[in-house]
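Let's walk through this structure in short questions and answers. Keep the sequence and the 3D view open as you read.

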Amino acid sequence: MHSKILQELGIPESYGLDPRLPTYAVTKDLVDVEPNIVGVPQRLEPKAADAWRAVKAQAHRDGVELLLVSGFRTLERQAELLRRKLERGILLADILATNVAPGFSQHHTGRAVDIATVGCPPLVEAFEDTDAFAWLTQHAAEFGFDMPYGRSNALGLAFEPWHWFYGGI
Ligand SMILES: [Zn+2]
């Protein structure tokens with residue numbers, strides 16, 4: 001379980017209770033998709049991988065480039081993201097406002113993708129102002145993707161216009 005990792009990171013046991021955050025199981029059902037924007041190979045759950053390829057291809061035909069930043073993540077990888085920020089002296093509470101704790105990330109399912117586009121740095125709110133975001137808002141649902149972390153979401157999580165989740169069609 002992930003409780004040991006949470007303890008090691010100094011995350012309190014009350015984390016994720018109020019507001020209640022969903023937990024996500026780590027999938028073993030994964031296929032290679034493509035290297036991300038910095039050349040690191042990414043994996044997704046097979047149906048999400050097909051959907052990602054399809055959505056990316058259609059966007060391309062419509063003149064919009066969708067670039068993959070991040071797909072599947074292990075618990076350890078999620079922990080590493082938090083650990084690196086702790087090492088940089090960022091307060092845990094501030095880190096948890098933007099990165100969920102291991103066990104609570106949709107990336108564990110292999111069905112979440114962080115998307116970037118040309119002309120905009122990855123993982124910034126300004127992605128909201130890109131043609132890629134406008135295209136996704138209009139068409140992603142046709143491919144089974146939605147954007148769960150909208151502005152003022154009920155989970156109390158940071159606005160992430162780049163984070164899209166494949167929930168099926
Ligand atoms: Zn994400």
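Q: In which strand is the place of His163?
A: This is a predicted model. The strand that holds His163 covers residues 163-166. Its name is β6.

Q: Is His163 buried or exposed?
A: Buried means under 20% relative accessible area. His163 has 2% relative accessibility. His163 therefore counts as buried.

Q: Which residues cover the two faces of β6?
A: On one side are His163 and Phe165.

Q: Which side chains make polar contacts with His163, and at what distance?
A: Gln106 is one partner, and its side chain joins that of His163 at 2.8 Å. His107 is another, also through side chains. That polar contact is 3.3 Å.

Q: Which residue is the bridge partner of Asp114 in β6?
A: β4 and β6 pair in the antiparallel sense, over three bridges. β4 spans residues 112-116. In β6, the partner of Asp114 is His163.

Q: Which residue in β6 is the bridge partner of Asp146?
A: Strand β5 covers residues 145-146 and runs antiparallel to β6. Two bridges join these strands. The partner of Asp146 is Phe165.

Q: Which protein donors does the zinc ion have?
A: The donors lie 2.0 to 2.1 Å from the zinc ion. Along the chain they follow the spacing H-x6-D-x48-H. They are His107 (NE2), Asp114 (OD) and His163 (ND1).

Q: How many residues apart in sequence are the parts that His107 and His163 tie together?
A: His107 lies in the loop between α4 (92-98) and β4, while His163 is in β6, so the pair ties together separate parts of the chain. His107 is buried, with a relative accessible area of 2%. The parts are 56 residues apart in sequence.

Q: Which element gives the most to the largest nonpolar core?
A: This core has 25 residues, and Trp52, Leu66 and Phe145 touch the most other members. Elements that give two or more residues are α2 (46-61), β4, α5 (131-139) and β6. With six residues, the top giver is α2.

Q: Leaving aside neighbours within four places in sequence, which residues is Leu66 in contact with?
A: Leu66 is in contact with Trp52, Val55, Lys56 and Ala59, among others.

Q: How many residues are in the second, separate core?
A: This core includes Tyr15, Leu21, Val100 and Leu157. Its residue count is 16.

Conventions:
Residues are numbered from 1 along each chain as its sequence is written. This is a predicted model: local features need pLDDT of at least 70, side-chain atom pairs count only at pLDDT 80 or more; totals for chains, interfaces and linings use all residues. Side-chain values use heavy atoms; hydrogens and water are left out. Donors are N, O and S atoms within 2.8 Å of the metal (3.2 Å for Na, K and Ca); water is not among the atoms, so sites may look incomplete. Helices (H or I, at least four residues) and strands (E, at least two) are DSSP runs, numbered from the N terminus. Buried means under 20% relative accessible area, exposed over 50%, partly exposed in between (1.4 Å probe, protein chains only). A nonpolar core is a set of buried Ala, Val, Leu, Ile, Met, Phe, Trp, Tyr and Cys residues joined through side-chain atoms within 4.5 Å. Contact means heavy atoms within 4.5 Å. A polar contact is a pair of N or O atoms within 3.5 Å; within protein, one must be able to donate a hydrogen and the other to accept it, and residues adjacent in sequence count only if both atoms are side-chain atoms. Two strands pair if DSSP finds at least two bridges between them.
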